[in-house]
Amino acid sequence: MSGPKVSAFGSGHEQVVFCQDEESGLKAIIALWSTALGPGLGGTRFYPYADENAALADVLALSRAMAYKASLAGLDLGGGKAVIIGDPHRDKSEARLRAYGRFVES
């Protein structure tokens with residue numbers, strides 16, 4: 001058995017998924033810190049990150065923090081978060097959000 005994968009942003013995440021839908025223009029990252037206590041709990045941040053590295057650093061920190069919050073609250077839930085890369089005032093559209101929903105559901 002191998003240990004956790006390590007990146008410049010840290011280690012320990014159970015799953016990190018980069019999502020891209022060319023038709024809608026969606027670029028998103030979904031991160032699960034841990035599902036040991038149950039399904040991932042967390043929301044989505046829609047933000048105009050400077051680049052993909054900034055978005056990755058944010059989603060990794062947010063998902064880890066969500067896992068700790070759920071655990072401290074005594075919930076049988078793990079920690080997960082997602083970020084959509086873009087300006088919510090300019091880039092939010094039904095097509096983009098539906099594409100995002102398909103990634104989350106998968």
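A residue counts as exposed when its relative accessible area is over 50% and as buried when that area is under 20%. The legends below describe views of a predicted model.

**View 1. Pro39 in the loop between β4 and β5.** Pro39 has a relative accessible area of 55%. Because the cut-off for exposed is over 50%, Pro39 is classed as exposed. Leaving aside residues up to four places away in sequence, Pro39 touches Asp76, Leu77 and Gly78. For one of these, Leu77, the C-alpha to C-alpha distance to Pro39 is 5.2 Å, although the two are 38 residues apart in sequence.

**View 2. The hairpin of β3 and β4.** The two strands run antiparallel and are joined by 7 bridges. Within this pairing, Phe18 stands opposite Ile29 in β4. The turn puts 4 residues between β3 and β4. Gly25, in the turn, has a positive phi of about 90°. In a regular strand, side chains alternate between the two faces of the sheet.

**View 3. The largest pocket, with a volume of about 290 Å³.** Its lining consists of 18 residues, and those closest to the pocket centre are Ile30, Ala31, Leu32, Phe103 and Val104. Two or more lining residues come from each of β3 (15-21), β4 (26-34), β5 (40-41), β7 (78-85) and α3 (94-105). Sorted by class, the lining has 10 nonpolar, 7 polar and 1 charged residues. Rolling a probe the size of a water molecule over the atoms shows where empty space is left.

**View 4. Strands β1 and β6, the two ends of the confidence range among the elements.** Strand β1, residues 6-7, has the lowest mean pLDDT of the elements, at 56. The highest, 98, belongs to strand β6, residues 44-47. For the protein as a whole the mean pLDDT is 90, and 90% of the residues reach 70 or more.

**View 5. The whole chain, for orientation among the close-ups.** The protein has 3 helices and 7 strands. Read from the N terminus on, the elements follow the order β-β-β-β-β-β-α-β-α-α. Of the 106 residues, 34% are buried. Among contacts between residues at least 6 apart in sequence, 67% join residues at least 24 apart.

Terms used. Residues are numbered from 1 along each chain as its sequence is written. This is a predicted model: local features need pLDDT of at least 70, side-chain atom pairs count only at pLDDT 80 or more; totals for chains, interfaces and linings use all residues. Side-chain values use heavy atoms; hydrogens and water are left out. On a 1 Å grid over the protein atoms alone, a cavity is a set of points where a 1.4 Å probe fits but cannot get out, and a pocket is an open set with protein on both sides within 12 Å along at least five of seven lines; lining residues have an atom within 4 Å of a point. Grid points are joined across faces, edges and corners, and a volume is the space filled by probe spheres set on the points. Ala, Val, Leu, Ile, Met, Phe, Trp, Tyr, Cys and Pro count as nonpolar, Asp, Glu, Lys and Arg as charged, and the others, Gly among them, as polar. Two strands pair if DSSP finds at least two bridges between them. pLDDT is the predictor's confidence in each residue, from 0 to 100. Buried means under 20% relative accessible area, exposed over 50%, partly exposed in between (1.4 Å probe, protein chains only). Contact means heavy atoms within 4.5 Å.
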